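Subject: Structure for you to look at

Hello,

Here is the structure I said I would pass on. Please open it beside this email, and my notes follow below.

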Amino acid sequence: MQIETKFHGTLKIEQEQTWAFPKGLPGFEEEKGFILLPIEGDEVFQVLQSTTSTHIAFIVTNPFTLIDDYVFEIDEPTIDLLKIQDQSDIFVLNVLSLKEPFETSTINLQAPLIFHTKNKQAKQMILNDTIYSMRHSINTKTKEEA
């Protein structure tokens, strides 16, 4: 399949590369298919690109590389939806809000993206009753500084 992307132009992708979001993303419920694309020259950040809408793309990263002590429990609806049986089958990414200068950018710790590597399904889970913010500064406390 060929898709138009926001940052990478036209790409040919295989079905195996796509991630199914059965419920879409909050605010983008109609978007059910995404692909993760690398950012050239940067191994920390990736692009989560819709497979159907060129303009819907998010910069994402592994939050555990940026934020100390980021811990949350995956709720039962997410476990059921993604059919999670083993924690080793999942990985987590969070959406960034990029700003100028880059150091003022933020990461949404309140809504992690949970990816199931075996069935290629994913969900953005909203954390309720959390200490985490939707706009956590990426420049506050990083593991490199610890």
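Lys-83 is exposed, at 59% relative accessible area; exposed means over 50%, buried under 20%, and partly exposed in between, computed with a 1.4 Å probe on protein chains only. Lys-83 sits in the loop between helix 1 and strand 7. Helices (H or I, at least four residues) and strands (E, at least two) are DSSP runs, numbered from the N terminus. Although Lys-83 is not a glycine, its phi is positive, about 60°.

This is a predicted model, in which local features need pLDDT of at least 70, side-chain atom pairs count only at pLDDT 80 or more, and totals for chains, interfaces and linings use all residues. Residues are numbered from 1 along each chain as its sequence is written, and side-chain values use heavy atoms, with hydrogens and water left out.

Asp-69 also has a positive phi of about 60° without being a glycine. Its place is the loop between strand 6 (57–61) and helix 1 (76–82), and with 64% relative accessibility Asp-69 is exposed. Another backbone detail is the cis peptide bond between Glu-100 and Pro-101, with omega about -5°. Pro-101 belongs to the loop between strand 7 (90–97) and strand 8 (106–107).

Next, charges. Side chains of opposite charge can pair when their charged atoms come close. A salt bridge here is a side-chain nitrogen of Lys or Arg within 4 Å of a carboxyl oxygen of Asp or Glu. How many are there by this rule? The count is one salt bridge. It joins the side chains of Lys-118 and Asp-89, at 3.4 Å from N to O. Lys-118 is in the loop between strand 9 (113–116) and strand 10 (121–124), and Asp-89 is in the loop between helix 1 and strand 7, so the pair ties together parts 29 residues apart in sequence. Lys-118 is exposed at 63%, whereas Asp-89 is buried at 10%.

Now the interior. A nonpolar core is a set of buried Ala, Val, Leu, Ile, Met, Phe, Trp, Tyr and Cys residues joined through side-chain atoms within 4.5 Å. The largest one has 24 residues, of which Tyr-70, Phe-72, Ile-107 and Ile-114 touch the most other members. Strand 4 (33–39), strand 5 (42–50), strand 6 and strand 7 each give two or more residues to this core. Strand 7 gives the most, with three residues. A second, separate core has 14 residues, including Phe-21, Phe-58, Val-60 and Ala-122.

Contact means heavy atoms within 4.5 Å. Leaving out residues up to four places away in sequence, Ile-107 touches several residues, among them Thr-61, Leu-66, Val-95 and His-136.

Is Ser-50 buried or exposed? Ser-50 is buried, at 0% relative accessibility, and belongs to strand 5. Its side chain reaches the backbone nitrogen of Thr-52 at 3.1 Å and that of Ser-53 at 3.0 Å. Beyond its neighbours within four places in sequence, Ser-50 is in contact with Ile-3, Glu-31, Gly-33, Phe-34 and Ile-56.

Ser-137 lies in strand 11 (residues 136–137) and is partly exposed at 22%. Not counting residues up to four places away, Ser-137 touches Ile-67, Glu-103, Ser-105 and Thr-106.

Regards

Terms used: A polar contact is a pair of N or O atoms within 3.5 Å; within protein, one must be able to donate a hydrogen and the other to accept it, and residues adjacent in sequence count only if both atoms are side-chain atoms.
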